[in-house]
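Hello,

My notes follow below it.

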Amino acid sequence: MLIPKHTGLITEDDYLQGELIGDVKHELIDGCVYAMAGASANHERIAGNVCRKFGNHLEGLPCEPFGSDMKVKAGSNFFYPDVSVDCHFDESQPYYVQSPIIIVEVLSKATRKMDETVKLLSYIDIPSLQEYVLIEQDFVDIQVIRRNESWLPRHYFLGDEITFESIDLTLPVEAIYARVHNEEMLEFLSKQAASD
């Protein structure tokens with residue numbers, strides 16, 4: 001459950017100024033500021049794999065990926081997604097993305113509800129957004145929600161390939177989970193080693 005840092009509402013300008021000088025990242029939701037918790041190793045592995053694969057694929061193109069230190073503006077809210085891609089970055093606003101085409105969140109028990117409700121509803125209102133990706137870290141399940149599929153979720157599992165249509169990139173699910181230590185991945189790697 002998220003608890004606001006303070007009960008008074010804060011303006012966008014005050015929030016953005018505070019983020020420039022603060023030691024802890026915060027998200028701004030409906031005028032309230034929420035501190036962000038640290039991430040697990042598996043969370044970082046997944047986010048790093050996705051950002052690296054996106055970055056390699058988009059090298060030399062106008063679209064560029066950003067990691068979890070870059071905010072996304074969704075209406076009057078600001079979030080720190082794990083990965084986002086923007087093709088029309090506004091250099092006059094260097095601390096946040098305004099026109100992402102894809103947003104990726106790595107789920108945890110603490111963030112799942114927020115990622116699947118508040119963030120989902122905020123993100124799909126961004127006119128440029130084409131895909132919202134939710135990745136489980138404790139087991140293998142990637143959910144892709146696409147604008148051109150009426151925001152209906154589609155799930156991908158080990159052995160599947162995912163095409164991120166917004167950036168024309170196809171990846172096997174196991175590439176996204178490289179180095180991740182959860183029961184399904186360990187079993188998958190064990191079977192792969194036995195068949196070699």
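**Cysteines and the disulfide**

At 14% relative accessibility, Cys32 counts as buried (buried is under 20% relative accessible area, exposed over 50%, partly exposed in between; 1.4 Å probe, protein chains only). Before you read on: this is a predicted model, where local features need pLDDT of at least 70 and side-chain atom pairs count only at pLDDT 80 or more, while totals for chains, interfaces and linings use all residues. Residues are numbered from 1 along each chain as its sequence is written, and side-chain values use heavy atoms, with hydrogens and water left out.

The structure holds one disulfide (a pair of cysteine sulfur atoms within 2.5 Å). Cys63 and Cys87 form this link, S to S 1.9 Å. The angle about the S-S bond is 100°, and the link is right-handed. Cys63 sits in the loop between helix H2 (41-58) and E3, and Cys87 in the loop between strand E6 (83-86) and strand E7 (96-97), so the pair ties together parts 24 residues apart in sequence. Both Cys63 and Cys87 are buried.

Cys51 is in no disulfide; its nearest cysteine sulfur, that of Cys63, is 14 Å away. Cys51 is partly exposed, at 22% relative accessible area.

**The sheet**

Six strands make an open sheet, in the order E3-E6-E8-E9-E10-E11, with mixed pairing. Strands E3 (64-66) and E11 (153-156) are at the edges with a single partner strand each, so one side of each has no neighbour in the sheet. Neighbouring strands here are turned by 20° against each other on average, direction ignored (axes are lines fitted to C-alpha atoms, for helices over the stretch in contact; angles run from 0 to 180 degrees between N-to-C directions). Two strands pair if DSSP finds at least two bridges between them. Strand E8 (residues 100-107) runs parallel to strand E9 (residues 131-136), joined by six bridges. Leu107 stands opposite Glu136 in E9.

**The whole protein**

There are six helices and 13 strands (DSSP runs numbered from the N terminus: helices are H or I, at least four residues; strands are E, at least two). The radius of gyration is 17 Å, close to the 16 Å of the globule rule for 196 residues, so the protein is as compact as a globular protein of that length. That radius is taken over C-alpha atoms, and the rule is 2.2 Å times the number of residues to the power 0.38. The C-alpha trace spans about 60 × 35 × 30 Å along its principal axes. Of the 196 residues, 45% count as buried.

Best regards
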